[in-house]
Amino acid sequence: LQILYIFLWSLLLWIPGIIKSYSYAMTEYILLDNPELTANEAITKSREMMNGYKWKLFVLDLSFILWRLLCMIPVVGQVLNVLFLTPYVDPYYTATRAQFYEELKAIKG
């Protein structure tokens, strides 16, 4: 459902789709904390939670951009992806986003 909403927003232009993807970024974590919520309720809660914090998450994601760009280099990038990015950087990225959610949850209540 989240991907469908982001796709529909992206039909307007790419920028609204990117903004909405950051609005909906905490949906999975909200559903893990509150499994009784429906998908739409979790998306709405994520939108409310990310109000005023989308830029902070964007900057956090930018700190990982170099690793993603390195993996786009032919041959060398594939080796980096298999040996370094997948086993080391991806879990670190996921843990960083989870920590962002926990801190945001503490702030927003």
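A residue is called buried when its relative accessible area is under 20%. By that criterion, buried residues account for 30% of the 109 residues in the chain. The structure described here is a predicted model.

**Overall architecture**

The chain contains 7 helices and 0 strands, and its elements follow one another in the order α-α-α-α-α-α-α. The C-alpha trace spans about 45 × 35 × 25 Å along its principal axes. Of the contacts between residues at least 6 apart in sequence, 56% link residues at least 24 apart.

**Surface and charge**

Carbon and sulfur atoms contribute 70% of the accessible surface, which comes to about 7300 Å² for the chain. There are 9 positive and 9 negative side chains, with the centres of the two sets lying 7 Å apart.

**Nonpolar cores**

The largest nonpolar core is made of 13 residues, and Met26, Leu57, Phe100 and Leu104 have the most contacts inside it. At least two residues of this core come from each of helix H3 (27-33), helix H4 (39-49) and helix H7 (76-108). H7 provides the largest share, 3 residues. A second, separate core also exists, and Phe64, Leu85, Val89 and Tyr93 are among its 5 residues.

| Core | Size | Residues include |
|---|---|---|
| Largest nonpolar core | 13 residues | Met26, Leu57, Phe100, Leu104 |
| Second, separate core | 5 residues | Phe64, Leu85, Val89, Tyr93 |

Leaving aside residues up to four places away in sequence, Met26 touches Ser46, Met49, Met50, Leu57, Phe100, Tyr101 and Leu104. Among these partners, Leu57, Phe100 and Leu104 are listed with Met26 as having the most contacts inside the largest core.

Conventions. Residues are numbered from 1 along each chain as its sequence is written. This is a predicted model: local features need pLDDT of at least 70, side-chain atom pairs count only at pLDDT 80 or more; totals for chains, interfaces and linings use all residues. Side-chain values use heavy atoms; hydrogens and water are left out. Helices (H or I, at least four residues) and strands (E, at least two) are DSSP runs, numbered from the N terminus. Buried means under 20% relative accessible area, exposed over 50%, partly exposed in between (1.4 Å probe, protein chains only). Contact means heavy atoms within 4.5 Å. Accessible areas come from the Shrake-Rupley method with a 1.4 Å probe; for residues, only the protein chains shown count as cover. Lys and Arg count as positive and Asp and Glu as negative; His and the chain ends are not counted. The place of a charge is taken as NZ of Lys, CZ of Arg, CG of Asp or CD of Glu. A nonpolar core is a set of buried Ala, Val, Leu, Ile, Met, Phe, Trp, Tyr and Cys residues joined through side-chain atoms within 4.5 Å.
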